[in-house]
Amino acid sequence: MSHSMVHIQDLSKAFDESGCVVDGVSFEVKQNEIFALLGPSGCGKTTTLRLIAGFEYSDNGEISIQGKLVEAHRVHVPPQDRGVGFVFQDYALFPHMTALENVAFGLKDIPRKKRLVFAEEVLCRTGMEQYKHRTPDELSGGQQQRVALARAIAPKPKLVLMDEPFSGLDAMLRDSMRKEVREILKKSGMSAILVTHDQEEALSFADRVAVMNNGKIEQIGTPEDVYYKPKTQFVAQFLGRTNLFRAYADGKELVDTHFGEVRLDEQAEGLILCSIRPEHLGIDKAIHGQENAIIVGREFRGHDITYHVLFKGDRYIVHTDNRKLFEVDEKVIMKPLEPAVVLQQSKTAKID
Ligand code: ATP
């Protein structure tokens, strides 16, 4: 418990009779850890963040921040007393203050004279130096978002809560801001919880990712874990493109499939559902007389190529590096390069 920054146990919240939008959520964020809540629109991630901030009252469960209980049955510590910094979607900057004054406003703990100097330093790191004397109405949405980020992290709170903090930035700026903010958080020893629906953002920015669906967390793990070892069909499909297939397993780590013998990541038995990422399938030129797959589509994406392959009536996607060139209608051989992941079965699971 001593290394825990945030501890959440069985947290639930419903707004009306339509059911829980946060449904028994539990997780822990460690000191100096960057944690992402990732999921599709409406899955309950913003509500979870607002509960941690204290902007909503929970129906059930507990939240502790730095070992102090801030939310539980008959306990609700108000947001200003939770010691956290926020970046929410509406930015909420003070309209009558300049960008610099907005950032300096939260720096109550340092002497007045130094406040502006320090605020300027943080604003610079978000690339906003030239706009420091503008008020929010003279700034674009993306610029306001950068001021809001600088304002949240400048006072170095122990915990920063961020709801889609990079959404208003173009691709290049988004990349550099993520890098910059990650560095500031890590250097200053802050912990952060990031809410995003963008899997690439969660995977590149966070130390650990919780994948949410329908108010519940389906899996928590490092970016590599959730990407390469998804536990459920939802996680496998939400984190990127994948190939799903069914097979009969007999307690061993090898199964027979349409494209030959495939190794599994664990022993399994019975009818199983498996996932294999497109970069874990390989294709080669067909050898005469062999059972062949056929290329039915090709997407050139610069650094790699995605092929759509039809094999015995099923379609597969394969990523290869851009030196492997095949044409549409060309016959190929397809083979797994890595073990396939066995997914937990749910009754509703179906292959799309
Ligand atoms: P998004 O990425 O679109 O913001 P989200 O995963 O953050 O989605 P939430 O904002 O937590 O999702 O919303 C979860 C569900 O709760 C949605 O169905 C939403 O309509 C509902 N909801 C959120 N706030 C309220 C509210 N104040 N009153 C009623 N329903 C709400």
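## Ligand shell

A polar contact is a pair of N or O atoms within 3.5 Å. In this predicted model, a polar side-chain atom of Thr 47 falls inside that cut-off, because it lies 2.6 Å from an oxygen atom of the ligand. Ser 41 likewise places a polar side-chain atom 2.6 Å from a ligand oxygen, and for Lys 45 the corresponding distance is 2.7 Å. On its own the ligand exposes 630 Å², of which the protein buries 57%.

The residues around the ligand are Phe 15, Val 21, Pro 40, Ser 41, Gly 42, Cys 43, Gly 44, Lys 45, Thr 46 and Thr 47. By class, this shell comprises 4 nonpolar, 5 polar and 1 charged residue. Helix H1, which spans residues 45–53, gives the most to the shell, with 3 residues.

Ser 191 belongs to strand S9, which covers residues 191–196. The residue is buried, and its relative accessible area is 0%.

The side chain of Ser 191 has polar partners in the backbone of two residues. It reaches the backbone oxygen of Lys 30 at 3.2 Å, and a polar atom of the Ser 191 side chain lies 2.9 Å from the backbone nitrogen of Asn 32. Beyond its neighbours within four places in sequence, Ser 191 is in contact with Met 5, with Val 29, Lys 30, Gln 31, Asn 32 and Glu 33, and with Lys 158, Leu 159 and Val 160.

## Aromatic pairs

A pair of aromatic rings is described by the distance of the centres and the angle of the planes. Across the whole structure, a search finds 9 aromatic pairs. One of them, formed by Phe 166 and Phe 205, is edge-to-face, with 5.4 Å centre to centre and 70° between the planes. Phe 166 lies in the loop between strand S8 (159–163) and helix H5 (171–188), whereas Phe 205 lies in helix H6 (residues 199–205), so the pair ties together parts that are 39 residues apart in sequence. Phe 166 is buried at a relative accessible area of 0%, and Phe 205 also counts as buried, at 1%.

Phe 234 and Phe 238 form a stacked pair, with 5.5 Å centre to centre and 10° between the planes. These two residues are 4 residues apart in helix H8 (residues 233–238), which means that about one helical turn separates them. Both Phe 234 and Phe 238 are buried. Elsewhere, ring pairs link Phe 55, Phe 86 and Phe 88 into a cluster.

Terms used: Residues numbered from 1 in each chain as written. Predicted model: local features only at pLDDT ≥ 70, side-chain atom pairs only at ≥ 80, totals over all residues. Heavy atoms only, no water. Buried < 20%, exposed > 50% of the residue type's maximum accessible area, 1.4 Å probe, protein only. Polar contact = N/O pair within 3.5 Å; in protein donor to acceptor, adjacent residues only side chain to side chain. Contact = heavy atoms within 4.5 Å. Near = heavy atom within 4 Å. Areas by Shrake-Rupley, 256 points an atom, 1.4 Å probe, with all protein chains shown as cover. Nonpolar A, V, L, I, M, F, W, Y, C, P; charged D, E, K, R; others polar. Phe/Tyr/Trp six-rings, centres within 6.5 Å; stacked < 30°, edge-to-face > 60°.
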